[in-house]
Amino acid sequence: MSRGLLALALALVLSMAPVTDGAVIAREAPGTCDEHSRSGGTWSTSCRALPRLPPGLPPRAVAERMRALMPLPAPLGDTAMTTVTGVPLCLRPARPARAEVVLTSRAFGETVTVVAVPETARWETGEGSAFTCAVPEIGCVHTYTRPSGDAPEGAFPLTLTLTWSLSWHDGVGNGGTLEPLSTAATRAVRVRHVEALLS
C-alpha cells in the first residue's frame, strides 16, 4: 500500500473514532470521565480526554466532542424519601444538579469552554401524575393522595428528568449553542397514611 493510501486509511480510522452519544448522560456522579479534574465549580480536561482529535479541528467540532463528555451531576441523591398522604412534598434536584457545569478543554494551543445550565425538571410521581418546573426554582410541590403500600416494594418510583441547555465559546469571539442534554434518575418514595386524631 502506498504512503498516500496508508495516510488516507489512517485519517478515516481517526475520523470514525466512536463518540459517546450525549442524548442522555449516564446516571452517575461527576468525575467518571477520564482525564477530568475539578476546581471549585469548574471542570477541566486535557486533549487526552478527547481521543483522536486531529489538529486544526474547528472550535465547534471540539465543543461537540466535549458535549459528549460533559460530567453532569446526578439529578437526585441516593436516599429514599418518606412522606404521608395529604402533606405537600417539596421536590428539588440534588444541590450539585442545580448549578451550572463548566468544562474547559485546552488542546493544540486553543481553549474551548462548554457551559451546561439546568433549565427544567420533569417529575413523574409514580402514581400517575407528572409535571415540569423551571430550575432553579425553590422546588416543585406534590401531594400524594394515597399510600404506597400496594405499590411494588411498598414505594412509588419517583423519576426526575433534568434538561440542561448548553453553550460554548473559545475566547476569541466564536461561540453558540449546542443540543441540550438530559439526565434522569429514579428514587423510591414511601407514602404512609396517617389518621388525624380529634379530641
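A disulfide, as I count it here, is a pair of cysteine sulfur atoms within 2.5 Å. In general, a disulfide is a covalent bond between the sulfur atoms of two cysteines. The model I am looking at is predicted.

**Entry 1: disulfides**

I searched the whole structure and found 1 disulfide. Which cysteines does the disulfide join? I noted cysteine 133 and cysteine 140, with 1.5 Å from S to S. I then looked up how covered the two partners are. Cysteine 133 has 15% relative accessibility and counts as buried. Cysteine 140 is also buried, with a relative accessible area of 3%.

Next I checked cysteine 90. I put cysteine 90 down as partly exposed, at a relative accessible area of 44%.

**Entry 2: the chain as a whole**

I counted 2 helices and 10 strands in the protein chain. Read along the sequence, the order is α-β-β-α-β-β-β-β-β-β-β-β. The protein chain has 199 residues, and 38% of them count as buried.

**Entry 3: the nonpolar core**

In soluble globular proteins, nonpolar side chains tend to be buried together. I looked for the largest nonpolar core in this model and found that it has 33 residues. Met70, Val114, Trp123, Trp164 and Leu166 have the most contacts inside it. Helix H2 (59-67), S4, S5, strand S6 (110-124), strand S9 (156-169) and strand S10 (175-192) each give two or more residues to this core. Which element gives the largest share? I found that S9 does, with 7 residues.

**Entry 4: around tryptophan 123**

I listed what tryptophan 123 touches, leaving out residues up to four places away in sequence. Among them are Leu76, Leu91, Pro93, Phe131 and Leu158. Cys140 is also one of the residues tryptophan 123 touches, and I had already recorded cysteine 140 as a disulfide partner.

Where does arginine 92 lie? I placed arginine 92 in the loop between strand S4 (88-91) and strand S5 (101-107). At 37% relative accessibility, arginine 92 counts as partly exposed. I also looked up arginine 92 and valine 141, which are 49 residues apart in sequence and 8.9 Å apart in space, C-alpha to C-alpha.

Technical notes: Residues are numbered from 1 along each chain as its sequence is written. This is a predicted model: local features need pLDDT of at least 70, side-chain atom pairs count only at pLDDT 80 or more; totals for chains, interfaces and linings use all residues. Side-chain values use heavy atoms; hydrogens and water are left out. Helices (H or I, at least four residues) and strands (E, at least two) are DSSP runs, numbered from the N terminus. Buried means under 20% relative accessible area, exposed over 50%, partly exposed in between (1.4 Å probe, protein chains only). A nonpolar core is a set of buried Ala, Val, Leu, Ile, Met, Phe, Trp, Tyr and Cys residues joined through side-chain atoms within 4.5 Å. Contact means heavy atoms within 4.5 Å.
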